[in-house]
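Please keep the sequence and the coordinates at hand while reading.

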Amino acid sequence: MTVSVDWYAFLEVFVAALIAAVLLVGLYAIGLRLLVVAGRPPVVAPAEFTDAITVISPKAAAKAAKAAAKAAKKNPLTEGQKRVALIGAYASFVLCGVAVVCGLAIIVWSSLSHG
């Protein structure tokens, strides 16, 4: 019994995975950046974990929120520009979802055609 590796197929899968990873991370990063530009930074309440090295105190969280509000007031963009940035952010996140769904569809289609 000999084991044969199809190196071309391996390279093909590697390149496809690399392109998909760069595409997804890039689209997500662009979406986050546009959210911040639009004046809607994603704010996540700090969670307290039992093994946490650093836990944000309510005082520190209030200070960060105050700094974010101050920075939002300094935003030089007009309301129209902010709206365009927000639409671009949502479009970027939708494209992330479409890329994931297309990848899953390719996997399912491939397994059905070869199975």
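In helix H3, the buried residues are Lys82, Ala85, Leu86, Ala89, Ser92 and Cys96; buried denotes under 20% relative accessible area, exposed over 50%, and partly exposed in between (1.4 Å probe, protein chains only). Helices are DSSP runs (H or I, at least four residues), numbered from the N terminus. The model is predicted, so that local features require pLDDT of at least 70 and side-chain atom pairs count only at pLDDT 80 or more, whereas totals for chains, interfaces and linings use all residues. Residues are numbered from 1 along each chain as its sequence is written, and side-chain values use heavy atoms, with hydrogens and water left out.

The partner of the buried residues of H3 is H1, against which they pack. Contact here means heavy atoms within 4.5 Å. Ala89 is in contact with Gly31, Leu34 and Leu35, leaving aside neighbours within four places in sequence. Cys96, also in helix H3, counts as buried because its relative accessibility is 11%. With residues up to four places away in sequence not counted, Cys96 touches Leu24, Leu27 and Tyr28. The C-alpha atoms of Cys96 and Leu23 are separated by 8.1 Å, although the two residues are 73 apart along the chain.

The largest nonpolar core has five residues: Leu35, Ala38, Ala85, Leu86 and Ala89. Helix H3 (residues 79-114) gives the most to this core, namely three residues. Such a core is a set of buried Ala, Val, Leu, Ile, Met, Phe, Trp, Tyr and Cys residues joined through side-chain atoms within 4.5 Å.

What salt bridges does the whole structure contain? A search finds one, the criterion being a side-chain nitrogen of Lys or Arg within 4 Å of a carboxyl oxygen of Asp or Glu. It joins the side chains of Lys82 and Glu79, at 3.7 Å from N to O. Both residues lie in helix H3, three residues apart, about one turn of the helix. Lys82 is buried because its relative accessible area is 17%, while Glu79, with 54%, is exposed.

At the surface, Val3, Val5, Trp7, Phe10, Leu11, Phe14, Val15, Leu18, Ile19 and Val22 form a nonpolar patch with about 1,100 Å² of accessible area together. Patches are made of residues with over 30% relative accessible area and no salt bridge, like charges being joined within 9 Å and nonpolar side chains (Val, Leu, Ile, Met, Phe, Trp, Tyr) within 5 Å. Accessible areas come from the Shrake-Rupley method with a 1.4 Å probe; for residues, only the protein chains shown count as cover. Val3 is found in the segment before helix H1 (7-37) and counts as exposed because its relative accessibility is 75%.

Terms used. Helices (H or I, at least four residues) and strands (E, at least two) are DSSP runs, numbered from the N terminus.
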